[in-house]
Amino acid sequence: NGINGLDGAVAQSFEREVDFFAPDYGVRIPYPQTIINQTAATDMTLVYLLWDTVPDNNGNPIDIWRLVPQVRYTNFGEFQYNYEFTNIDVDIFLEAPDPLTLDQLPAGDVLGQIFRVVIIPVDVDFNAVDITDYNAVMNAAGLTAQDIIIE
């Protein structure tokens with residue numbers, strides 16, 4: 001059995017670069033049409049933020065991904081990247097105890113933020129997977145870097 005005639009559940013992933021602007025500091029990102037066609041209302045969506053890039057043993061860059069929500073502490077106070085989703089889109093936004101904090105954030109915290117969205121079918125068993133570990137989730141979902149839709 002499967003979704004929309006597919007032979008079983010299919011995990012999906014896409015990447016998007018986001019800029020946050022006042023007053024709402026949020027962005028609604030529709031899923032690519034190919035993903036919407038394979039997504040059920042019961043699927044789980046995880047969002048990861050590109051936190052850093054470090055060199056591997058050969059000097060090649062390795063991306064460090066962190067599961068959202070992700071709190072950052074600044075000289076102006078704290079804020080967090082957060083999200084909510086449906087089966088057709090994801091809203092990624094900034095939150096702060098004092099909303100004025102967001103107006104004081106440097107460009108590096110609000111512009112050019114890269115997120116990866118991973119949509120996991122409900123019938124995939126993730127009980128033994130640490131969802132905070134982006135690579136573990138991708139492996140469990142059977143996804144590779146070539147499967148990520150970058151728009």
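Two strands are taken to pair if DSSP finds at least two bridges between them. In this predicted model, five strands form an open sheet of mixed pairing, in the order E4-E3-E8-E1-E9. Helix H4, residues 134-141, packs on that sheet. The points below describe the sheet, the packing of the helix and the two ends of H4.

**Sheet**
- The edges of the sheet are strand E4 (61-67) and strand E9 (149-150), each of which pairs on one side only.
- Seven bridges join strand E3 (residues 44-55) to E4, and the sense of this pairing is antiparallel.
- Within this part of the model, proline 55 stands opposite proline 61, a residue of E4.

- Tyr134, Val137, Met138 and Ala141 are the buried residues of H4, where buried means under 20% relative accessible area.

**Ends of H4**
- At the N-terminal end, aspartate 133 caps H4, with a side-chain oxygen 3.1 Å from the backbone nitrogen of asparagine 135.
- Just after H4, glycine 142 adopts a positive phi of about 75 degrees.

Notes: Residues are numbered from 1 along each chain as its sequence is written. This is a predicted model: local features need pLDDT of at least 70, side-chain atom pairs count only at pLDDT 80 or more; totals for chains, interfaces and linings use all residues. Side-chain values use heavy atoms; hydrogens and water are left out. Helices (H or I, at least four residues) and strands (E, at least two) are DSSP runs, numbered from the N terminus. Contact means heavy atoms within 4.5 Å. Axes are lines fitted to C-alpha atoms, for helices over the stretch in contact, and angles run from 0 to 180 degrees between N-to-C directions. Buried means under 20% relative accessible area, exposed over 50%, partly exposed in between (1.4 Å probe, protein chains only). A polar contact is a pair of N or O atoms within 3.5 Å; within protein, one must be able to donate a hydrogen and the other to accept it, and residues adjacent in sequence count only if both atoms are side-chain atoms.
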